[in-house]
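Welcome! Let's get to know this protein together through a few questions and answers.

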Amino acid sequence: MRKRIGIFGGTFDPIHIGHLRIALELKQQLQLDEMHLLPCYLPPHRPTPGASASQRVDMLEIALQSCTELRIDKRELQRDKPSYTYDTLHELRAEVGEHNSLCLCMGMDSFATLDTWHNWTQLLQLAHIVVVARPGWFLPESGAVADLLQSNRADSTVISQKSAGAIVLLEQRLLPISATDIRAQIHAGNSPQFLVPDGVWNYIRSNGLYQ
Ligand code: ATP
């Protein structure tokens, strides 16, 4: 039996209901054995002020308190500079072995700009790419990403047949929620209640985040 491991990377600044539903639904729909949320490193003095790495992890931990299905992988935060997804996948592949399936999951916005990622054409050597729809974003119809999709597109049964190498597109519940909008709402004095878990909203308030 091939084990199926999902990786869902992001800034999670803050984690919101969009991320959580996607991760959980992907785990269930693809029958993943494990689903890991992988927060990425952000430079401390980035242009848009956000939460610190440890605050982003605190919020992830709060969000997952009552969810045993999803886990956090903190490896990229434990380095002192941004990591390339390609390098992280390399590390993960060495850990899980050649036989098991690795699924790199992302929203359509990330997939549409995949050709800006380091070593992007090599990612499929290490993992499958699973893409979920995101309101306002469409599949690229031409260009390098569209070509990669055309040559490697498969349905989700591929995950039990091969450990890497396919692009799977999934129709999921569309949730028009973004962290950028949540930060802007808070900055404008509005409540993001029901877009983030209550515990995360309490944490944001008590730490004065995104003001
Ligand atoms: P920001 O607005 O700050 O860019 P975000 O809401 O896009 O944040 P990220 O942490 O950047 O959140 O996203 C992590 C991953 O989750 C990306 O692959 C992104 O495409 C996906 N994603 C986030 N929100 C949604 C959503 N509502 N629907 C589909 N995919 C989403």
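## A first tour

Leu169, setting aside neighbours within four places in sequence, is in contact (heavy atoms within 4.5 Å) with Val131, Leu139, Leu149 and Arg153. This is a predicted model, in which local features need pLDDT of at least 70 and side-chain atom pairs count only at pLDDT 80 or more, while totals for chains, interfaces and linings use all residues. Residues are numbered from 1 along each chain as its sequence is written, and side-chain values use heavy atoms, with hydrogens and water left out.

Q: In which strand does Leu169 lie?
A: Helices (H or I, at least four residues) and strands (E, at least two) are DSSP runs, numbered from the N terminus. Leu169 belongs to the run covering residues 167-170, which is strand E6.

Q: Is Leu169 buried, partly exposed or exposed?
A: Buried means under 20% relative accessible area, exposed over 50%, and partly exposed in between (1.4 Å probe, protein chains only). Leu169 has 22% relative accessibility, so Leu169 counts as partly exposed.

Q: How many Å apart in space are Leu169 and Thr88, C-alpha to C-alpha?
A: Along the sequence, Leu169 and Thr88 are 81 residues apart. In space, their C-alpha atoms are separated by 22 Å.

Q: How many helices and strands are there in the protein chain, and what is its radius of gyration?
A: The protein chain has 9 helices and 6 strands. The radius of gyration is taken over C-alpha atoms, and the globule rule is 2.2 Å times the number of residues to the power 0.38. For 211 residues that rule gives 17 Å, and the chain comes close to it, so it is as compact as a globular protein of that length, with a radius of gyration of 17 Å.

Q: What percentage of the residues of the protein chain count as buried?
A: The C-alpha trace spans about 50 × 35 × 30 Å along its principal axes. Of the 211 residues in the chain, the part that counts as buried is 49%.

Q: What percentage of the contacts with a separation of 6 or more is accounted for by residues 24 or more positions apart?
A: Take the contacts in the protein chain with a separation of 6 or more. Among these, residues 24 or more positions apart account for 75%.

Q: Which side chain makes a polar contact with the side chain of His36?
A: A polar contact is a pair of N or O atoms within 3.5 Å; within protein, one must be able to donate a hydrogen and the other to accept it, and residues adjacent in sequence count only if both atoms are side-chain atoms. His36 lies in strand E2 (residues 34-39). Its side chain has such a contact, at 2.8 Å, with the side chain of Glu34.

Q: Are Glu34 and His36 buried or exposed?
A: Glu34 is also found in strand E2. Glu34 has a relative accessible area of 14%, so Glu34 is buried. His36 has 12% relative accessibility, so His36 likewise counts as buried.

Q: Which residues does His36 touch, not counting residues up to four places away in sequence?
A: With those sequence neighbours set aside, Glu34 touches Lys3, Arg4, Ile5, Gly6, Lys27 and Arg71. For His36, the residues touched are Ile5, Gly6, Ile7, Phe8, Arg71 and Asp73.

Q: Which residues are in contact with Ala23, leaving aside its neighbours within four places in sequence?
A: Ala23 lies in helix H1 (residues 17-29). With 0% relative accessibility, Ala23 counts as buried. Its partners are Phe8, Met35, Leu37 and Leu70.

Q: Is the peptide bond from Asp13 to Pro14 cis or trans?
A: Pro14 is found in the loop between E1 and H1. The peptide bond leading from Asp13 to Pro14 has omega near 5°, and this bond is cis.

Q: What is the phi of Gln31?
A: Gln31 has its place in the loop between H1 and E2. With a relative accessible area of 57%, Gln31 is exposed. Its phi is positive in a residue other than glycine, with a value near 50°.

Q: What is the phi of Phe194?
A: Phe194 lies in the loop between helix H8 (179-187) and helix H9 (198-206). Phe194 is exposed, with a relative accessible area of 66%. Although Phe194 is not a glycine, its phi is positive, at about 80°.
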